[in-house]
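Hello,

Here is the structure I said I would pass on. Please open it first, then read the notes below it.

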Amino acid sequence: MPNSSIKLPKLSLFAFLRKWPSMNRNLILFFKEILDQNDGIVQLPNKLVLTDDAELIQYFLQKNYKNYIKTALVRNFVKNQIGNGLFTSDGAYWLKQRRVIQAGFHKKKLTGIATIMLDEINHYMDHIMDAYAESNEEIDLEKEMTYLASKIVSKSLFGQEFDNDKIDIIDKSISNANKYIVAVSKQPFTKPWYHLNGDYKRIMQQKKIRDQFILDFIEERKQSGEKRDDLLGMLLETEYEDGSCMDKQQLLDESIILLVAGNKTSATTMAWLFYLLATHPEIEQKVLESVTDNLGNVEPSIDNLRSLTYPLQVLEETLRIYPVVWLIDREPVEDDEFAEIKIKKGQDIGAFIYGLHHNPKYWKDPEKFDPDRFTPENKKEQVPFSYLPFGGGPRICIGKNFAIMEMQFILAMLIRRYQFTLSPGQEIGFKPLLTLSPTNGIKVRVQKRTTL
Ligand code: HEM
């Protein structure tokens, strides 16, 4: 961090344009490079203040979080596509929603969800992954994990009876909305083109159909009066302080947010995790031994997951190396100051999570995949706010417990039955979409293990 006498370093438009080719090649590595050159904080020509400094990030995400709201992009644009739910709302409304929804994500409440997750994983292995192993065809791990995570989050939300065809239509609508958001946020000048070529109209039509499916389903559930152990059951039971419940629009908005936030994040993390295991056979072996020694052939459960300490370290280290949410940005509502750096009202500030997790100030040998960084003793040494895969402060990911349980289940169950071998000749890079994703997927072949 610059000391009080140094002004906020700025990247001039000229310097920015000169670096255009490297930015176009890989935005994330470009951000890392300019932050390394500017001691952890820099202002871009579009006025965004970018930082990978843990103290400053802690300041705006936690210590003075009330002064920071979601950016105009989220408020005006993302909201229009995915509604006014936890992720997109701010202020008093966000707090009211967060309080009632948070209770439903408590570990103890996730027992019913655990059963849904395990059923989905078993179904996927028996009907899909076994067939891939049999045919020895090449598959894309990212695609497969996205399919599995989508089924898990949809069924966890709406229950086992929710129609698979409807899940596919909802997924398509969300994925097209995501593509539109990424395209227009990266290149705002493409927006009129979406309107002219009819894509925007199609996206809005899909959104209408998607929302109607969900509204109808919510209505049916309400009419049936059934109490279910899924997330919708939890949302239907929430009560505000005055005794009222969420109305249909709120139930719809929060459902969509959970679907959006809970799919690609877990899916891409699992694709990266299996990739890292495939390229580090000694670590893969240790994970396998931990699972077989502790669980044998027994199905994982909320209780026995606690014994899988090494697989959890591997998951944590995967999220360090590949933090799927690689940037968390905010807009200050009033002028602010941190260590004499002035942050102006309306000027976006971004916590560059990828840079934070690869910063030698906080991590020794940051490019090395080393799950031992996350042993209980080593965790105690970590600098506060230097590890933020789930964000930090009051807006920390509400689905963190859900996601960790889901990913541990997937890891434990898949590694016992399968080994993934990377197809040769691939160059595995990453690209910044809404999540940090592999550039061209991760191609593997699947073999069934014979040891169990
Ligand atoms: C690997 C998995 C996941 C990762 C890395 C992740 C990461 C994050 C991060 C970094 C944030 C904070 C964003 C910000 O401060 O602007 C966040 C927020 C959120 N996440 Fe997750 N997430 C994951 C899975 C999930 C799942 C499974 C769900 C739901 C089922 C979920 C629901 C949410 C919601 C609703 C928010 C908004 C919370 C709020 O603003 O109060 N996430 N997530």
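**What was found**

Leu-414 touches Ile-121, Met-125, Met-129, Met-145, Phe-274 and Phe-420, leaving aside residues up to four places away in sequence. Keep in mind that this is a predicted model. Leu-414 and Phe-274 are the residues with the most contacts inside the largest nonpolar core, which has 143 residues. In soluble globular proteins, nonpolar side chains tend to be buried together.

Next, the ligand. Which residues come nearest to the ligand? Of the 26 residues around it, they are Lys-70, Trp-94, Arg-98, Arg-330 and Cys-397. Two of these arginines have a distance to report. An N or O atom in the side chain of Arg-98 is 2.7 Å from an oxygen atom of the ligand, and for the side chain of Arg-330 the value is 2.8 Å. Leu-86 takes part through its backbone: an N or O atom there lies 3.4 Å from a ligand oxygen.

The shell around the ligand consists of 16 nonpolar, 6 polar and 4 charged residues. At least two shell residues come from each of α6 (91-104), α13 (248-261), α14 (264-279), β5 (327-332) and α19 (400-417).

Now helix α9, residues 164-186. The buried residues of α9 include Ile-167, Ile-170, Ser-173, Asn-176 and Tyr-180. What do the buried residues of α9 pack against? Their partners are α5 (72-82), α8 (141-158), α10 (191-196), α11 (199-224) and α13. Lys-47 sits in the loop between β1 (41-43) and β2 (49-51), and its phi is near 80 degrees, a positive value in a residue other than glycine. Asn-136, in the loop between α7 (111-135) and β4 (139-140), has a positive phi as well, near 60 degrees. Is Asn-136 buried, partly exposed or exposed? Its relative accessibility is 41%, so Asn-136 counts as partly exposed, the range between 20% and 50%.

Regards

Technical notes:
Residues are numbered from 1 along each chain as its sequence is written. This is a predicted model: local features need pLDDT of at least 70, side-chain atom pairs count only at pLDDT 80 or more; totals for chains, interfaces and linings use all residues. Side-chain values use heavy atoms; hydrogens and water are left out. A nonpolar core is a set of buried Ala, Val, Leu, Ile, Met, Phe, Trp, Tyr and Cys residues joined through side-chain atoms within 4.5 Å. Buried means under 20% relative accessible area, exposed over 50%, partly exposed in between (1.4 Å probe, protein chains only). Contact means heavy atoms within 4.5 Å. A residue is near a molecule or strand if one of its heavy atoms lies within 4 Å of it. A polar contact is a pair of N or O atoms within 3.5 Å; within protein, one must be able to donate a hydrogen and the other to accept it, and residues adjacent in sequence count only if both atoms are side-chain atoms. Helices (H or I, at least four residues) and strands (E, at least two) are DSSP runs, numbered from the N terminus. Ala, Val, Leu, Ile, Met, Phe, Trp, Tyr, Cys and Pro count as nonpolar, Asp, Glu, Lys and Arg as charged, and the others, Gly among them, as polar. The expected span of a helix is 1.5 Å times one less than its number of residues.
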